[in-house]
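Welcome, and take a moment to look around before we start. We will walk through this structure together, one region at a time.

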Amino acid sequence: MSLSVGSIDFSREWVSSQPQPTSTAQISTQASTTSPAVAAHPRFRGCVVRRWSAVLVKDIPASWRGRAPAHHTPLGGSLTPTGARTGDRGGLASTDVPSLSSAVSAALAGAAGLAVVAAHDLLQRKHSILRNYPVIGHARFLLEGVRPELQQYFVERNWDGRPFDRDIRSIVYERAKGIAGEQAFGTERDVNEPGYEYLVHSSLPVPEPEQPPRVTVGGPDCTRPYSMSLLNVSAMSFGALSANAIRALNQGAATGGFAHDTGEGGLSPYHLEHGGDLVWEIGTGYFSTRTKDGDFDAAQFREKASYDVVKMTSLKLSQGAKPGIGGVLPAAKVSQEIAQIREVPQGEKCVSPSTHRVFTTPVQLIEFVARMRELSGGKPAGFKLCVGSRVDVLAMVKAMLEVGTTPDFIIVDGSEGGTGAAPLEFEDHVGMPLTFGLMTVHNALVGAGLRDRVRVGASGKVAAGNDIVKRLIQGADYTNAARAMMFAVGCIQAQRCHTDTCPVGVTTQSARRQRALVVGDKSVRVKQFHEATVAEAVKLMAAMGVRDPADLSPHQLRLNISPHENRSYAELYEWLEPGELLTDPPESWAGDWAAASADTFRPTSRRT
Ligand SMILES: Cc1cc2nc3c(=O)[nH]c(=O)nc-3n(C[C@H](O)[C@H](O)[C@H](O)COP(=O)(O)O)c2cc1C
Ligand code: SF4
């Protein structure tokens with residue numbers, strides 16, 4: 001048996017090593033003296049509690065002692081309610097007094113501790129609640145701390161969790177583990193509520209193709225096109241993700257035959273370790289390819305883009321979770337390793353500015369993307385953006401027409417997209433949701449007669465087969481997933497990615513926490529999640545009577561616009577005809593088309 005006061009242990013060993021008392025007085029003296037460990041302990045040195053406990057033990061009334069429950073003594077055997085050791089008849093057993101004394105000491109020490117906390121709370125000036133409610137006010141901080149877990153485990157329903165609901169998280173985990181991911185008894189969703197969307201099946205489904213379809217990325221100016229999966233790993237940097245997470249994603253991509261976007265944090269050794277196909281992204285910091293002054297370094301870009309594993313290069317203009325702002329990696333996080341990979345000074349704040357140095361006009365943007373393609377030896381080059389306005393997109397399209405070349409791909413990120421860290425205002429209130437961004441880019445390219453030269457990627461909460469099919473209908477050629485891939489490597493949506501305390505090692509730089517993520521095991525999950533999700537998308541398309549994604553049409557996605565009515569995307573939205581903007585822009589597009597200029601990102605006239 002062991003009783004403890006604070007960190008002090010009244011163990012069987014100590015008790016048995018003491019001379020055994022023969023009278024109550026002796027017991028109380030011994031209790032007041034306590035162990036050498038207690039006496040030596042800084043918290044108890046000269047402590048009044050010790051002296052008080054001696055007095056109290058002496059003064060315990062016999063009646064109170066008599067009510068004590070039977071319990072085991074430190075010397076073995078048990079005490080009767082009168083305090084006698086088993087077998088004794090009446091009287092206070094020699095060994096129950098130190099335990100009573102300890103309990104009293106503990107209570108007093110606790111009270112003293114609370115008094116200290118209360119005094120501190122009353123005097124501190126940072127937290128109003130503690131000044132008014134000392135001690136108990138801490139409960140608020142405690143509950144606040146466990147709120148996400150309480151919400152997730154006890155409050156949220158299967159379909160209404162955010163950002164990803166339990167159904168989606170479960171399906172990703174199950175598919176990643178190679179479990180069927182099926183559901184019994186029917187949908188839990190309200191299929192009549194406004195906003196509910198569904199895919200239109202055919203009365204004559206077609207057999208599924210043996211291999212899932214892929215899409216070739218690379219326009220007429222590209223000499224080394226890349227065959228892209230319908231689902232790929234979206235951009236996430238080393239720094240935002242741990243080394244082990246990057247390794248697992250890359251190994252999954254290598255074994256599963258899909259692409260892994262590096263994110264803007266540079267080309268790290270972890271991206272190169274397993275040989276998965278890479279889309280090398282550069283942002284405004286030009287990490288891994290920057291001069292000392294923070295400019296784009298063409299020579300380095302040429303060298304690294306020539307690596308065999310780099311299949312495409314991508315210029316990041318913006319990201320759905322934080323469009324229009326750059327990023328800062330605090331000085332403390334700029335370790336030697338990150339400094340080396342990003343080519344920035346170690347221990348200094350690492351800033352990604354909000355604007356690029358390589359272009360200021362739409363024409364310069366398109367010219368720069370063409371330069372990336374050339375420097376990479378003809379590999380596909382493109383850009384990623386969250387759409388702000390239609391005029392912005394049309395300005396880029398006009399620049400393509402003027403320069404006479406196009407990017408090989410454009411990745412459209414929705415405002416519902418994720419991030420390692422961003423201000424709430426930007427996450428919640430800036431940028432176009434994926435549905436509208438995607439239809440804008442798709443229609444702008446169609447209307448300008450350029451759609452067949454440019455592939456469109458889509459990212460924004462793609463996690464299941466229906467997400468892929470829906471995005472293909474809305475104008476994408478392929479999709480990327482970031483957070484669903486994080487689930488596949490073990491993310492539990494604790495939403496602490498920015499604190500470096502990720503409990504499962506996905507978004508932390510702490511070597512200890514990263515141990516949680518076993519690369520070999522999680523890479524298999526990434527592969528299996530990808531395979532099963534694409535297979536579901538293919539199965540859905542077959543049920544819709546489609547074998548080739550190019551045959552999907554906006555008629556095949558319907559939206560409830562009220563509890564009593566629904567419409568297809570073909571009816572709800574405008575779909576431009578190829579080249580229509582060049583010849584006779586429809587009235588709804590004419591104002592924006594006129595306002596867009598290849599020479600400026602500022603609209604030149606009033607827009608629609
Ligand atoms: C942890 C994390 C880091 C990210 N880092 C980048 C990045 O470096 N570059 C980028 O373009 N997007 C970045 N993103 C955005 C994703 O690539 C993606 O566009 C967005 O999260 C939407 O996809 P999702 O809904 O599947 O997560 C990041 C997202 C997350 C969650
Ligand atoms: S478990 Fe939490 S902290 Fe870790 S990656 Fe997922 S959301 Fe971020």
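Does His530 count as buried or exposed, and how many C-beta neighbours lie inside 10 Å? His530 counts as buried because it has 27 C-beta neighbours inside 10 Å. Here a residue is buried if 20 or more other C-beta atoms, placed from the backbone, lie within 10 Å of its own, exposed if 12 or fewer, and partly exposed in between.

Before going further, please note that this is a predicted model, in which local features need pLDDT of at least 70, side-chain atom pairs count only at pLDDT 80 or more, and totals for chains, interfaces and linings use all residues. Residues are numbered from 1 along each chain as its sequence is written, while chains are lettered from A and ligands numbered from 1 in the order in which they are written.

Back to His530, which lies in helix 21 (residues 519–543). Helices (H or I, at least four residues) and strands (E, at least two) are DSSP runs, numbered from the N terminus. Leaving aside residues up to four places away in sequence, His530 touches Leu231, Gly252, Gly256 and Phe258; contact means that the C-beta atoms, placed from the backbone, lie within 7 Å. The C-alpha atoms of His530 and Ala253 are separated by 8.7 Å, although the two residues are 277 apart along the chain.

Now for the wider view. The protein has 24 helices and 19 strands, and buried residues make up 43% of its 608 residues. Of the contacts between residues at least 6 apart in sequence, 66% join residues at least 24 apart.

The largest nonpolar core has 115 residues, of which Val412, Met485 and Val489 touch the most other members. Such a core is a set of buried Ala, Val, Leu, Ile, Met, Phe, Trp, Tyr and Cys residues joined through C-beta atoms within 7 Å. Beyond residues up to four places away in sequence, the contacts of Val489 include Ala245, Leu249, Val506 and Leu517.

Val506 brings us to ligand 2, as one of the residues that come nearest to it, together with Cys491, Ala494, Cys497 and Cys502. There are 13 residues around ligand 2, where a residue is near if its C-beta atom, placed from the backbone, lies within 6 Å. This shell has 9 nonpolar, 3 polar and 1 charged residues. Ala, Val, Leu, Ile, Met, Phe, Trp, Tyr, Cys and Pro count as nonpolar, Asp, Glu, Lys and Arg as charged, and the others, Gly among them, as polar. Around ligand 1 there are 28 residues, with Ala235, Gly263, Gly417, Gly418 and Ala482 coming nearest. The shell around ligand 1 divides into 8 nonpolar, 13 polar and 7 charged residues.

Next, find helix 12 (residues 298–305), where Phe301, Lys304 and Ala305 are buried. They lie on the same side of helix 12 because they cover an arc of only 95° around the axis, taken from the directions from the helix axis to the C-beta atoms. These buried residues pack against strand 10 (277–282), strand 11 (310–316) and helix 14 (362–375). The face turned away from the buried side of helix 12 carries the exposed residues Ala299 and Glu303.

Finally, visit a loop between strand 16 (455–459) and helix 18 (465–474), the place of Lys461. Lys461 has a positive phi of about 60° although it is not a glycine. Lys461 is buried, because 21 other C-beta atoms lie within 10 Å.

Terms used. Contact = placed C-beta atoms within 7 Å.
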